[in-house]
Amino acid sequence: MTAHPPPSRSYPPGEHPDLPPPPATTGIPGWLRANLFSSPFNSLMTVLAVWLIYLFVDAAGGWMIFDSVLHADSRVACQAIDSGACWAVVTTRLDQFVYGFYPAAERWRPNLAFALLLAALVPVLFSAVPMRRALLWCAAAYPFVAAWLIHGGFGLPVVETGRYGGFMLTLIIGVTGISASLPLGILLALGRQSKLLALRILSTAFIEFSRGVPLITLLFVASTMLNYFLPPGTSFDLLVRVLIMVSLFAAAYLAEAVRGGLQAIPRGQYEAAEALGLSRWTTTRRIILPQALKIAIPGMVNVFVGLYKDSTLVVIIGLLDPLGIARAVLADAKWNGLATETYLFVALFFFLSCFAISRYSLWLERRLATGHQRASMP
Amino acid sequence: MTAPSALSSGHAGTVRPWRNENVRTVAVQIGVVLAVFGIVAWAIGNVAANFAALDKTFSFRFLWELPAGYDINQRLISYTNQDSHLRAALVGLLNTGLVALVGIFLATVLGFAVGILRLSHNWLVSRIAYVYVEFTRNTPVLLLILLWHGIIINTLPHPRQALSFGGSVFLSNRGFYVPSPVIEPGFWWVVVVFCAGLLGVALLYRHGRRQMAATGIRKPYALYGTGLAIAATVLAFYAAGAPVTLDRPALRGFNYQGGVTLIPEFVALTWALAFYTSGFIAENVRSGIISVDRGQTDAARALGLTANRTMKLVILPQAMRVIVPPLTSSYLDLMKNSSLAIAIGYMDLVATLGGITLTQTGREMETMLLVMAIYLAISLSISWGMNIYNRRQRLVER
């Protein structure tokens with residue numbers, strides 16, 4: 001940008017040096033004018049929005065933060081201290097919200113498993129990690145290591161699944177569901193696109209059935225009648241049955257997301273691979289799936305977030321996920337009537353984790369974009 | 001590497017059978033079908049053995065032979081606890097339908113509003129819409145149901161101190177009380193006039209379209225017609241002596257009498273489902289609108305269409321093509337999520353047939369099969385209708 005030209009000089013056409021933009025269009029005033037007060041209607045909307053925010057902050061801010069009570073023994077004690085939210089209901093039971101009824105002496109095991117989860121996620125989520133291939137194999141072994149750590153056996157005392165609960169249970173269901181449904185969902189999607197009639201019909205029937213019924217009915221099946229389908233006398237753990245059902249359910253949704261990606265691959269990709277003499281399996285593995293999965297990422301992440309959120313449904317068949325703990329706490333006469341505080345706390349946990357997942361997916365989408373997408377939108 | 005394709009199938013004799021693609025295809029399919037049917041047969045055999053061991057039978061007769069024996073807190077049709085399990089299931093199904101319909105309506109209105117606000121040029125407004133969308137989409141729906149139920153139960157006052165709106169709508173933690181219309185004789189004349197008005201508007205609209213096609217002159221005939229029809233209906237209403245009165249709820253003893261009572265479970269469930277789903281719909285609407293190429297707007301404006309007509313005639317029809325398929329799946333999700341009613345004690349299909357009937361009769365197999373079949377039938381028929389709609393709406397390309 002050049003300095004102000006002297007006002008009196010005249011220039012030949014096309015030679016006038018660039019003038020700085022008018023002051024009202026730059027900086028903070030310019031931004032305010034362009035984004036908040038560009039027209040009378042827009043200004044009205046701004047005023048309305050500010051008023052709404054004021055109402056919300058005035059009502060919720062005081063209740064949630066300034067007038068709230070963090071530590072107390074009961075609801076009555078809370079009310080004696082201040083008029084706002086009684087977060088003591090959460091702080092006194094924080095252990096249960098995190099671990100359920102996992103024995104206190106063994107809690108280092110889920111803690112370690114959680115730390116390992118973060119470590120295992122690094123090579124999965126980020127491609128710029130050194131020795132990624134080897135680390136990926138370690139990550140593939142993670143579910144088994146974590147299962148051993150949390151459940152026990154082979155030298156560790158066994159902790160029954162009935163004692164798992166809280167956010168730990170949410171993570172168990174989420175991680176198991178995602179790692180089991182991913183391969184299954186891809187296979188189902190390939191089956192639905194297959195040229196083999198029998199495979200196609202069976203995959204389609206499974207997908208449409210799973211997507212057509214609510215998850216809660218499948219969980220009821222897992223809890224009340226799955227044993228009928230097994231030889232008389234056999235019975236296995238409720239949590240394992242739930243994990244199987246959740247994984248199958250998520251696999252059907254995942255298959256639809258992957259199918260969207262498969263359908264977007266142009267026919268020429270198959271023909272080119274065939275012309276090069278690649279076998280059908282190699283074509284699928286090396287040519288089709290890498291492109292299709294890339295396209296399917298947003299849909300797949302949506303399925304994963306959905307699975308993670310739907311893990312709360314297990315409370316209805318009696319598992320003690322965060323909502324189960326919340327209900328148990330609220331049934332206590334000391335904390336009766338504090339549903340708003342308790343559920344808001346659980347909501348915060350889910351919001352933070354789901355929001356992080358969806359941000360990651362946006363980042364990955366941008367990073368993997370190789371220029372085939374349409375011009376950016378206004 | 002040999003890669004037999006359809007071309008080599010003509011001289012199948014030259015390749016070994018396990019390399020022959022046709023043979024392999026058939027073998028794989030037979031193998032898969034045999035495996036699946038084997039597992040299914042094995043499972044059914046186990047069911048039979050288990051049922052025999054427990055002295056159970058498989059029969060749907062309990063549905064109409066046994067009295068249900070439980071009460072239902074919201075009934076759209078008459079029902080007592082002496083009615084059959086089938087009737088109880090029907091009451092539950094209707095409750096599911098009511099929640100789904102009201103929830104879908106609310107979610108659509110909210111979702112479209114928020115989706116459009118999200119595209120607002122006003123930074124503050126679009127940020128508020130963004131926060132709303134992210135909060136609704138990233139919280140489990142069951143949690144939202146319990147949260148809203150908790151808020152209604154714990155923060156609204158008892159019926160005696162109920163919040164009153166104009167003396168006819170009352171909000172309390174025992175339910176929302178709204179006036180109900182009572183229809184008196186003479187009302188049918190108003191209905192007849194109203195229908196005639198509708199017909200007239202339709203005819204005027206057609207006339208206007210024809211005139212526009214023939215002469216290019218546009219006149220808002222439909223608008224005139226609508227005004228006339230409304231005026232005629234209002235006139236008829238008063239001419240017939242205002243044949244609709246309101247039955248207002250009034251406090252008698254410990255609770256309200258008269259009007260319509262919306263139980264807290266219904267309000268919490270419907271509102272939570274609408275709240276949750278509206279976030280997804282808002283995102284659909286937003287992505288649908290921005291998917292329409294900017295050149296379309298420019299071209300429409302260059303042709304002289306006003307901003308409103310550009311939106312109505314150019315942008316929206318193209319955006320709807322993108323919006324509608326995910327919109328339907330949002331509706332289906334809402335319908336399926338209404339099964340979470342059982343968590344707060346709203347008696348929907350799952351809570352009646354799959355809940356109390358299941359535990360009372362001990363017929364897990366029959367009740368769950370029936371519940372799943374009903375949901376499956378609804379889902380499949382809606383997505384079937386959707387596919388037809390999509391095929392008709394699809395962009396015709398070369």
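This is a predicted model: local features need pLDDT of at least 70, side-chain atom pairs count only at pLDDT 80 or more; totals for chains, interfaces and linings use all residues.
Two strands count as paired if DSSP finds at least two bridges between them. In strand β8 of chain B, for instance, B:Val260 is the bridge partner of B:Val178.

Let's follow that bridge into its sheet. Strand β3 of chain B, residues 175-178, is joined to β8(B) by three bridges, and the two strands run antiparallel. On to another pairing of β3(B): strand β2 of chain B, residues 169-172, pairs with β3(B) over three bridges, again in the antiparallel sense. Here B:Phe170 has B:Tyr177 in β3(B) as its bridge partner. What do β2(B) and β3(B) form, with two residues between them? They form a hairpin.

Now put the strands together. The open sheet has four strands, in the order β1-β2-β3-β8 of chain B, with antiparallel pairing. Which strands stand at the edges? They are β1 (163-165) and β8 (260-262) of chain B, and each has a single partner strand, so one side of each is left without a neighbour in the sheet. From one strand to the next, the twist averages 15°.

Step back and look at chain B as a whole. Its secondary structure comes to twelve helices and eight strands. The domain assignment gives chain B a domain 1, made of 54-175 and 263-398, and a domain 2, covering 180-247. The C-alpha centres of these two domains of chain B lie 31 Å apart. Along the principal axes, the C-alpha atoms of chain B fill a box of roughly 90 × 70 × 45 Å. The radius of gyration of chain B is 29 Å, while a compact globule of 398 residues would have one near 21 Å.

Chain A has its own make-up. How many helices and strands does chain A have? The secondary structure comes to 15 helices and zero strands. The C-alpha atoms of chain A fill a box of roughly 100 × 80 × 40 Å, taken along the principal axes. For chain A the radius of gyration is 28 Å, but a compact globule of 378 residues would have one near 21 Å.

Two packed helices are described by the angle between their axes and the distance between the axes.

Finally, let's see where the chains meet. In chain A, 50 residues are in contact with 54 residues of chain B. On the side of chain A that touches chain B, at least two residues each come from α2 (40-66), α9 (197-212), α10 (215-225) and α15 of chain A. Which helix gives the most to that side of chain A? That helix is α15(A), with eleven residues. The residues on the side of chain A that touches chain B divide into 34 nonpolar, 13 polar and three charged.

Key
Residues are numbered from 1 along each chain as its sequence is written. Chains are lettered from A and ligands numbered from 1 in the order in which they are written. Two residues are in contact if their C-beta atoms, placed from the backbone, lie within 7 Å. Ala, Val, Leu, Ile, Met, Phe, Trp, Tyr, Cys and Pro count as nonpolar, Asp, Glu, Lys and Arg as charged, and the others, Gly among them, as polar. Axes are lines fitted to C-alpha atoms, for helices over the stretch in contact, and angles run from 0 to 180 degrees between N-to-C directions. Domain bounds come from an automatic or database domain assignment. The radius of gyration is taken over C-alpha atoms; the globule rule is 2.2 Å times the number of residues to the power 0.38.
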